[in-house]
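I opened my notebook to record what I looked up, strand by strand and then space by space. The entries below follow the order in which I went through the model.

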Amino acid sequence: MSRKKLNIGLFGFGCVGFGLYEVLQKTPGLKADIRKICVKDKNKPREIAAENFTFDKNDIFNDPKINVIVELIDDADAAYEIVTTALKSGKAVVSANKKMIAEHFEELLELQRKHKVPLLYEAACCASMPIIRNLEEYYDNDLLESIQGIVNGSTNYILTKTFKENLSYEEALKEAQEKGFAESNPILDTGGFDAKYKLLILLAHSFGYIARPENLLNIGIDNIGGLELKYAREKGLKIKLVAQAFKNTDGNITAFVIPKFVDSADRLFNVDDVFNGVITKTSFADEQFFVGKGAGAHPTASAVLSDISALSYDYQYEY
Ligand code: HSE
């Protein structure tokens, strides 16, 4: 089986970018080298030598040896510019930016078709859990009826810590930030927006249904207070932020993100801390349950690594 040699141009060297760098050092079998890393902040101290970095994105775009762009930056608008420029110049792309992908899904599909280059984004949804590839490949001929689950690691971590260890909401959020789980703007997590972007990606891969973010309801965890926690404790329940999508009998899709009380019979009950859990229901397989770490440097880098590896197989992607 022949495999391409990959020369990576990396955008972003934060928590996940550095995680990917470390993970690649430990994966010698994969012939993929980071050739250049483009970062914004010239003064930030870096974990590796200065010669690896550039501050000019054209150093990456104009390098003919770079055949894969890996985009791991936080800013969705800047990510959009990078990803679209890369696709238009015929370079394959791996991205972890759920907001950017959810907001521009149709255009990104069209660019892939037009320029005959792949864009992979397994890390954008549930980090280490290979849910997109499962939806695309395994269920290809088995019709999905519903998909639901915990798709945001930070809020699950916060809910677990406030519930089990009586941490205040602020303390638990601070921990989630320190561990590198939360977005730079944590309202994206706590307000259920991050979960909604992931649900939009899941909707496209489950039902072929492409919706706009503004058309999906998301209620976050910010308004959960002592009363709700007390009620849950008294009744032996837990509170989970759940993204849900199902096909109605008329064929239409209903989808939303809401906090829910779950009881111990629910599979999501034991999905705690930074873990994500997704339950699919299909016509033939019936119910299946996926679980895995949903945020953090190495779990997210693992999904990026998996996309990079997929791009290296000639038979899988031509570009
Ligand atoms: N902030 C996100 C989360 C990171 O907590 O799930 C992973 O997408």
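I began with Phe11, which stands opposite Glu71 in β4; here strands are DSSP runs of E with at least two residues, helices are DSSP runs of H or I with at least four residues, and both are numbered from the N terminus. Before going further I noted that this is a predicted model, in which local features need pLDDT of at least 70 and side-chain atom pairs count only at pLDDT 80 or more, while totals for chains, interfaces and linings use all residues. I also noted that residues are numbered from 1 along each chain as its sequence is written, and that side-chain values use heavy atoms, with hydrogens and water left out.

**Entry: the parallel sheet**

I looked up the strands on either side of β4. Strand β1 (residues 6–11) pairs with strand β4 (residues 68–71) in the parallel sense, over four bridges; two strands count as paired if DSSP finds at least two bridges between them. β4 is also joined to β5 by four bridges, and these two run parallel as well.

I then wrote down the whole sheet, which is open, has six strands in the order β3-β2-β1-β4-β5-β6, and shows parallel pairing. Its edge strands are β3 (53–54) and β6, each of which pairs on one side only.

Which residues of β5 are buried on each side of the strand? In strand β5 (residues 92–95), I found Ala92 and Val94 buried on one side and Val93 and Ser95 buried on the other, and both faces are covered. Buried means under 20% relative accessible area, exposed means over 50%, and partly exposed lies in between, with a 1.4 Å probe and protein chains only.

**Entry: the nonpolar cores**

I next checked Ile69, which touches Gly9, Phe11, Ile60, Phe61, Ile82, Ala86, Lys91, Ala92, Val93 and Val94, leaving aside residues up to four places away in sequence; contact means heavy atoms within 4.5 Å. Ile69 is one of the residues with the most contacts inside the largest nonpolar core, which has 70 residues, and Leu87, Met100 and Leu203 are also among them. α10 gives the most to this core, with nine residues. A nonpolar core is a set of buried Ala, Val, Leu, Ile, Met, Phe, Trp, Tyr and Cys residues joined through side-chain atoms within 4.5 Å.

**Entry: the mixed sheet**

The other sheet I recorded is open, with six strands in the order β8-β10-β9-β7-β11-β12 and mixed pairing. Its edge strands are β8 (217–218) and β12 (286–293), each pairing on one side only. Strand β7 (residues 144–150) and strand β11 (residues 275–282) pair in the antiparallel sense over six bridges, and Leu144 has Thr282 in β11 as its bridge partner.

How many cavities of 30 Å³ or more does the structure hold? I counted three. On a 1 Å grid over the protein atoms alone, a cavity is a set of points where a 1.4 Å probe fits but cannot get out, a pocket is an open set with protein on both sides within 12 Å along at least five of seven lines, and lining residues have an atom within 4 Å of a point. Grid points are joined across faces, edges and corners, and a volume is the space filled by probe spheres set on the points.

The largest cavity holds about 70 Å³ of space, and α7 supplies the largest share of its lining, four residues. The second largest cavity has a volume of about 40 Å³, and its lining divides into eight nonpolar residues, no polar and no charged; Ala, Val, Leu, Ile, Met, Phe, Trp, Tyr, Cys and Pro count as nonpolar, Asp, Glu, Lys and Arg as charged, and the others, Gly among them, as polar.
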